[in-house]
Amino acid sequence: MMLDDIHTEHGYIIRLLNILQQKLDAIRQGQTVNYTLIKEIVDYLQSYAEQCHHPKEDILYHYYQSHYADDQGDMASLEREHQELAQLTHEFSDTVEMILMDAVVPLDVFADKLNAFVTRQRAHLEFEEQNVFPRIRANFTKDDWLAVSGQYSQCECDPLFGSQVAERYRALSERLQRLP
């Protein structure tokens, strides 16, 4: 079911956010961090999450809004939130890229940006899991699920968590396999 796939993808994203949190903790303890690894995580979130994951969610939200919602509340704001998260991710990616090109970015400024990025991403996932998905599960019928699945064309295989890990994510994949 589409919602189960989204929930699984959220688990993947949380694993990546956990690595970013570890990097933030290391920075705050004065340790050096691998900015290339941070860049790989942000690149993955920019490419796969924004191009495959969020569009899948947006289909569900639009359908729910048009068939079940009485107002333009939480569900209506989610597409806008996806756009804001895309912008935040893009801006944070630019900051990481600057560091990788040896630009001087004060460590406290980077730590604040990393913290804001991780915090905002986590809050978004939690909101969907706690508030949105239960409503969809409670209301959708078999016909609803058929209708939304017919609107979604499957993305290519996940380049990090799919059956074939893309070369550009191989180091990140190995890092994930070493985590508990």
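Reply: Let us begin with D102, which is exposed, at a relative accessible area of 70%. The model is a predicted one.

Me: Why is D102 called exposed?

Reply: The word exposed applies over 50% relative accessible area. D102 has 70%, so it is exposed. Its place is in the loop between α3 (74–100) and α4 (107–139).

Me: What is phi of D102 near?

Reply: Phi of D102 is near 70 degrees. That is a positive value in a residue other than glycine. Most residues other than glycine have a negative phi.

Me: What makes α1 roughly perpendicular to α6?

Reply: Helix α1 (residues 2–28) and helix α6 (residues 170–178) pack at an angle of about 85 degrees. Angles from 65 to 115 degrees count as roughly perpendicular. Therefore α1 is roughly perpendicular to α6. The two axes are 11 Å apart.

Me: Which residues make the contact between α1 and α6?

Reply: From α1 come R15, L16, I19, Q22 and K23. From α6 come L172, R175 and L176. These residues divide into 4 nonpolar, 1 polar and 3 charged.

Me: How do you know that the buried residues of α6 are on the same side?

Reply: The buried residues in α6 are L172, S173, R175 and L176. They cover an arc of only 160 degrees around the axis, so they are on the same side of α6. Q177 and R178 are exposed, on the other side of α6.

Me: What do the buried residues of α6 pack against?

Reply: They pack against α1 and α2 (35–67).

Me: Why is Q22 called partly exposed?

Reply: Buried is under 20%, exposed is over 50%, and partly exposed is in between. Q22 has a relative accessible area of 38%, so it is partly exposed. Q22 is found in helix α1. It touches R175 and L179, leaving out residues up to four places away in sequence.

Me: What does L24 touch?

Reply: L24 touches A111, L114 and N115, not counting residues up to four places away in sequence.

Me: Is D112 buried or exposed, and why?

Reply: Exposed means over 50%. D112 has a relative accessible area of 51%, so D112 is exposed. D112 sits in helix α4. D112 and L24 are 88 residues apart in sequence, and 8.9 Å apart in space, C-alpha to C-alpha.

Me: Why is V33 called buried?

Reply: The cut-off for buried is under 20%. V33 has 14%, so V33 is buried. V33 is in the loop between α1 and α2. K23, A26, I27 and I38 are touched by V33, not counting residues up to four places away in sequence.

Me: How far is V33 from G150, C-alpha to C-alpha?

Reply: V33 and G150 are 44 Å apart, and 117 residues apart along the chain.

Me: Which residues have the most contacts inside the largest nonpolar core?

Reply: They are L16, I38, L60, F110, I136 and L172. The core has 52 residues. At least two residues of this core come from each of α1, α2, α3, α4, α5 (142–151) and α6. α2 gives the most, with 15 residues. In soluble globular proteins, nonpolar side chains tend to be buried together.

Me: What does F110 touch?

Reply: F110 touches I27, Y35, I38, F92, T95, V96, I99 and V105, not counting residues up to four places away in sequence.

Note on methods:
Residues numbered from 1 in each chain as written. Predicted model: local features only at pLDDT ≥ 70, side-chain atom pairs only at ≥ 80, totals over all residues. Heavy atoms only, no water. Axes fitted to C-alpha atoms, helices over the stretch in contact; angles between N-to-C directions. Helix = DSSP H or I, 4+ residues; strand = E, 2+ residues; numbered from the N terminus. Parallel < 35°, antiparallel > 145°, perpendicular 65-115°, else oblique. Contact = heavy atoms within 4.5 Å. Nonpolar A, V, L, I, M, F, W, Y, C, P; charged D, E, K, R; others polar. Buried < 20%, exposed > 50% of the residue type's maximum accessible area, 1.4 Å probe, protein only. Arc of directions from axis to C-beta. Core = buried A, V, L, I, M, F, W, Y, C linked by side-chain atoms within 4.5 Å.
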